[in-house]
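Notebook open, model loaded. I want to go through the helix packing, a sheet and the ligand surroundings, one entry at a time.

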Amino acid sequence: MRVPTSGQAQGLPLQGKTLDPLKRVEKEIKKCVKCGACRAHCPVFGALQREPAVARGKVAIAQAVLSHGIELDDRTYADMSKCLLCGSCVEKCANDVPTDEIVIAAREALAQQRGLTTFHKAVGRVIRNRKLMSMGAVAAAVMGPLFFRKVPATSGLRLRFPLPFVGSKRHIPNIAKKPFMERHPEVIPGEPGKPRIVYFVGCMTNFVYTEVGEAALALFRHLGCTVIIPRDQQCCGLPGMSGGDLATVRELAEKNLAALEKHQADYIMTACATCGGALHKFYPAVVGKKHPELLERCKAIAEKTVDAALLLQKLGLNPVETGEGEGIRVTYHDPCHLRTRNITRQPRELLKSSPGVEFVEMEGADKCCGLGGTFNVYHYDTSMGINAGKSTAILNSGADAVATGCPGCMMQLSDGLQQRGAKTRVMHTLEVLSRNIRR
Ligand code: SF4
Ligand code: SF4
């Protein structure tokens, strides 16, 4: 799909306040020495082989915009949209250039100058309104058969006819008939003296992959923990961040901070790598930088935020004690927002010790699946081109199932495997670990 533009103020230099987002990252932009080491690690550059696709090119564009060296036009806009915010370049950069944060700043500046795209306006409207989201999900679950036909192999869906922003090839997961959060009370008491865990659920788990939420509950209850599911938690805001809609991200961050601070938590647990990335990294690094009055609160929440697999290991989950398991060959895909937080070993160790699991490593397990939030909407073919290598690696591993720690990755992996006609199951790590627990 062509990157939609607002049609406003094209080809103009950024001025005044519209430059502020880039000024906030000016120090970071200057750190780039243009060595080009990032070229070997950028999935988008690998697919497109164009300099503006890679970190060095994007940082150079941001620098040129700041110095009024270039004007903003549709091309600049399209170049900045070609980033998965996967952080691979950041991990490998010897000069610690945070290209993901620079791209977010550039997108914010572009959005300020040109206005949000129609798509991102719609995204912002939906993610700011939990009720609207719930109603939309219920409507989608009920009306789905009108628009989609079932794909029997995985009980997923495919469009009967093209819709805006949804390609007809795309495999779409089922929407849950009842959201996860509506199935459970706010507080599920555990054993005295055991940790109190506040669960930040995330939209994909709440509305689509509810089985991930059930698996998380089963595991933490198995450990005797009290699990609190704050009723007033919202979308983490990352879909807005990827479109430069920082006003929506701030609004959601403030609501989430308040919702999470209200409960006395030993830990804030996420089973979605993207939500974890938001709470752990992007709230302090992006929201806190833009709104210093929120920085300390963002940092306090980030300190308590921990991924489910990491927390299970920390709390001493012994998968052997969860019961005898059916034999299953499992491989693992590293979600970018876990890999960049160094959470790679723990999910593998847990999977390997789960009874009945034969763990097999796949080639390039640490490579991005190509989703990248709205990147997958605007650049679907490139996104699926990046995903093709991942599907091949999964199939070559001979695994019955691919496990991962991010519902977004689950959707992308399912799409790729479905289009190959593969029968490989896509599961969350917690689903594999909890499959033998009696509920
Ligand atoms: S972003 Fe880092 S790795 Fe890439 S060119 Fe700049 S300094 Fe080199
Ligand atoms: S964040 Fe990922 S997609 Fe974006 S420039 Fe860096 S490596 Fe490429």
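This is a predicted model: local features need pLDDT of at least 70, side-chain atom pairs count only at pLDDT 80 or more; totals for chains, interfaces and linings use all residues.

**Entry 1: α20 and α21.** I started with helix α20 (residues 380-397) and helix α21 (residues 407-419), whose axes come within 9 Å and cross at roughly 75 degrees. That angle falls in the 65 to 115 band, so I put α20 down as roughly perpendicular to α21.

Next I looked up who makes the contact. From α20 I get M384, N387, A388, K390, S391 and I394, and from α21 I get Q412, L413, G416 and L417. Sorted by class, the contact of α20 with α21 has 5 nonpolar, 4 polar and 1 charged residues.

**Entry 2: what α21 lies on.** I followed α21 to the strands and found that α21 lies across β9, β11 and β12. Against β12, α21 runs at about 175 degrees. An angle over 145 counts as roughly antiparallel.

**Entry 3: the sheet.** In what order do the strands of the open sheet run? I read β10-β9-β11-β12, 4 strands with parallel pairing. β10 and β12 (425-428) are the edge strands, each pairing on one side only.

Then I went pair by pair:

- Strand β9 (residues 328-333) and strand β10 (residues 357-359) run parallel and are joined by 3 bridges. V330 has F359 of β10 as its bridge partner.
- β9 also pairs with strand β11 (residues 401-404), in the parallel sense, over 4 bridges. Here I noted H333 with its bridge partner T404 in β11.
- β11 pairs with β12 over 4 bridges, in the parallel sense as well. A403 stands opposite M427 of β12.

Another helix belongs in this entry: helix α18 (residues 345-352) lies across β9, β10 and β11. I logged α18 as running at about 135 degrees to β10.

**Entry 4: α4 and α7.** I moved on to another helix pair. α4 and α7 pack with their axes 10 Å apart, at an angle of about 45 degrees. Roughly parallel needs an angle under 35 degrees and roughly perpendicular starts at 65, so α4 and α7 are oblique to each other. The crossing of α4 past α7 is left-handed.

The contact consists of A55, K58, V59 and A62 on the α4 side, with T99, I102, V103 and A106 on the α7 side. By class, I have 6 nonpolar, 1 polar and 1 charged residues for the contact of α4 with α7.

**Entry 5: ligand 1.** Which of the 15 residues around ligand 1 come nearest? I get C32, C35, C38, R56 and C93. α4 turns up again, giving the most to the shell around ligand 1, with 3 residues. I count that shell as 10 nonpolar, 3 polar and 2 charged residues.

**Entry 6: ligand 2.** I found 16 residues surrounding ligand 2, with C42, C83, C86, S88 and C89 closest. Which helices supply at least two residues each to the shell around ligand 2? My list is α3 (43-48), α4 (55-66), α6 (88-92) and α7 (99-114). The shell around ligand 2 splits into 10 nonpolar, 4 polar and 2 charged residues.

Key
Residues are numbered from 1 along each chain as its sequence is written. Chains are lettered from A and ligands numbered from 1 in the order in which they are written. A residue is near a molecule or strand if its C-beta atom, placed from the backbone, lies within 6 Å of it. Ala, Val, Leu, Ile, Met, Phe, Trp, Tyr, Cys and Pro count as nonpolar, Asp, Glu, Lys and Arg as charged, and the others, Gly among them, as polar. Axes are lines fitted to C-alpha atoms, for helices over the stretch in contact, and angles run from 0 to 180 degrees between N-to-C directions. A crossing is left-handed if the near helix is turned anticlockwise from the far one by less than a right angle, and right-handed if clockwise. Two residues are in contact if their C-beta atoms, placed from the backbone, lie within 7 Å. Two strands pair if DSSP finds at least two bridges between them.
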